[in-house]
Amino acid sequence: FGSMSARVNNGVFSVARMCMLATLLAAGMAAVAQQGLFEATVPVVSQEPEQRASALRTALGEVLVRLTGDQSILADPGVQSILKSPGDFVEQYRYFAAPGDEAQETLQLRVGFNADALQQALRQQGVGYWGNERPVTLAWVAVDDNGERYLLSAESGKEVQDIMSAAAARRGLPILFPLMDLEDQSRLQFTDVWGEFLAKIEDASSRYQPQAILVGRLQRERSGGWSARWTMQVAGDDRSWSDSSAVLDELLAENVDTATDMLASRFAVRETGGLMGEMPLSVQDIRSFDDYARLSSYLGSLTPVKSLQVTRVLGDRMDYELEISGSVRNLEQLFAIGRILEPVPGGGPEQYRLRP
């Protein structure tokens with residue numbers, strides 16, 4: 001891990017605590033981004049080596065789409081070179097039987113890939129990498145199924161919810177649905193979501209503290225097919241689109257993909273040529289060692305942050321020098337969806353304060 005130094009002006013942080021923090025930072029930088037990001041399950045016909053080789057390529061392709069946030073990435077020449085030797089990245093695999101159609105079991109292969117090796121390979125190929133900075137996305141979906149109208153919740157629309165949840169899991173997007181309990185019902189109605197009254201939706205969403213909000217309007221057509229309109233809201237930016245399909249499963253999966261692509265385009269980090277940049281960061285309201293450890297662990301967990309150095313401690317303010325890959329703007333966007341830092345009102349672009 002990079003070097004670290006600090007001038008302690010107020011005696012709050014002891015040398016022993018600074019050493020302890022260095023250990024915490026190292027652990028944070030080495031942590032796996034998110035459970036499941038580097039795993040995939042694919043069906044196989046048998047356990048023969050030829051079948052396994054093909055299944056490993058398929059599993060690696062699924063993981064690479066998840067890590068880059070780009071559905072078309074498998075056509076990239078650099079990614080194709082990675083796919084030629086999937087065994088180089090395999091950490092573990094196992095076979096198991098899963099329920100199939102007509103009560104028949106199907107053979108499945110579960111594969112876990114090495115996180116560090118894949119990240120390094122993508123960096124070498126200049127391909128964007130999307131780590132654990134994945135906004136928790138709250139989905140408000142209004143469904144009109146031949147006049148039966150409802151909002152998705154734990155109690156209604158299980159089919160739609162299951163399809164969306166499976167598609168989100170495949171792409172590594174953390175998604176949740178509202179409870180639609182008495183509190184939700186008092187704040188938001190079906191017509192509010194159907195009409196895309198975003199101010200009311202934001203207000204009702206506050207109890208869940210999501211980092212992104214997905215608003216959907218799903219309608220069955222007379223033909224039996226489905227049409228949909230969606231709005232994704234993240235970090236103060238709204239994007240809307242519409243789609244239709246004869247098959248509900250395809251419509252929902254494709255539009256969860258579209259939403260995930262939008263998020264990945266903002267938060268994936270592209271590292272080219274091994275070039276690094278520096279970014280100063282000043283954080284206020286650090287009043288205890290627990291605050292200090294929480295902040296430093298958070299910074300160390302961010303994909304663009306390759307090393308960090310404490311340059312000054314002054315009262316409740318701490319100054320850092322960050323070595324980053326990607327752009328400063330990319331890191332600022334990650335701060336915006338996080339729950340740790342917020343900009344200092346009237347301060348410069350590098351000035352933040354620690355959230356309680």
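This is a predicted model: local features need pLDDT of at least 70, side-chain atom pairs count only at pLDDT 80 or more; totals for chains, interfaces and linings use all residues.
User: Let's start with one residue. Where does T231 lie, and is T231 buried or exposed?

Analyst: T231 is part of strand β8, which spans residues 226-234. Buried means under 20% relative accessible area. T231 has a relative accessible area of 3%, so T231 is buried.

User: Which side chains make polar contacts with the side chain of T231?

Analyst: There are two to look at here. The side chains of T231 and E196 are joined by a polar contact of 3.0 Å. Another polar contact, of 2.7 Å, links the T231 side chain to that of S240. If you set aside neighbours within four places in sequence, the residues in contact with T231 include L198, I213, V215 and W241.

User: Now for the nonpolar residues. How should I think about a core?

Analyst: In soluble globular proteins, nonpolar side chains tend to be buried together. In this model, the largest nonpolar core has 60 residues. Its residues with the most contacts inside the core are M164, L218, L299, Y320, F335 and L341. Helix α9 (residues 248-267) supplies the largest share of this core, with nine residues. Apart from this core lies another one, of 28 residues, including V42, A55, V79 and Y95.

User: What does F335 touch, not counting residues up to four places away in sequence?

Analyst: F335 touches M279, L281, Y298, L299, L302, L341 and Y352 on that count.

User: And how do I describe two helices that pack together?

Analyst: Two packed helices are described by the angle between their axes and the distance between the axes. Take helix α2 (residues 49-68) and helix α5 (residues 158-171): they pack at about 90°, and their axes are 8 Å apart. Angles of 65 to 115 degrees count as roughly perpendicular, and therefore α2 is roughly perpendicular to α5. On the α2 side, the contact is made by E62, V65 and R66, and on the α5 side by A169, R170 and R171. Sorted by class, this contact has two nonpolar, no polar and four charged residues.

User: Last one: which residues have a positive phi without being a glycine?

Analyst: Two examples are N146, with a phi of about 55°, and M180, also with a phi of about 55°. N146 sits in the loop between β4 (137-145) and β5 (148-151). M180 sits in the loop between β6 (175-176) and α6 (182-187).

User: Are they buried or exposed?

Analyst: N146 counts as exposed, at 59% relative accessibility, whereas M180 is buried, with a relative accessible area of 15%.

Notes
Residues are numbered from 1 along each chain as its sequence is written. Side-chain values use heavy atoms; hydrogens and water are left out. Helices (H or I, at least four residues) and strands (E, at least two) are DSSP runs, numbered from the N terminus. Buried means under 20% relative accessible area, exposed over 50%, partly exposed in between (1.4 Å probe, protein chains only). A polar contact is a pair of N or O atoms within 3.5 Å; within protein, one must be able to donate a hydrogen and the other to accept it, and residues adjacent in sequence count only if both atoms are side-chain atoms. Contact means heavy atoms within 4.5 Å. A nonpolar core is a set of buried Ala, Val, Leu, Ile, Met, Phe, Trp, Tyr and Cys residues joined through side-chain atoms within 4.5 Å. Axes are lines fitted to C-alpha atoms, for helices over the stretch in contact, and angles run from 0 to 180 degrees between N-to-C directions. Angles under 35 degrees count as roughly parallel, over 145 as roughly antiparallel, 65 to 115 as roughly perpendicular and the rest as oblique. Ala, Val, Leu, Ile, Met, Phe, Trp, Tyr, Cys and Pro count as nonpolar, Asp, Glu, Lys and Arg as charged, and the others, Gly among them, as polar.
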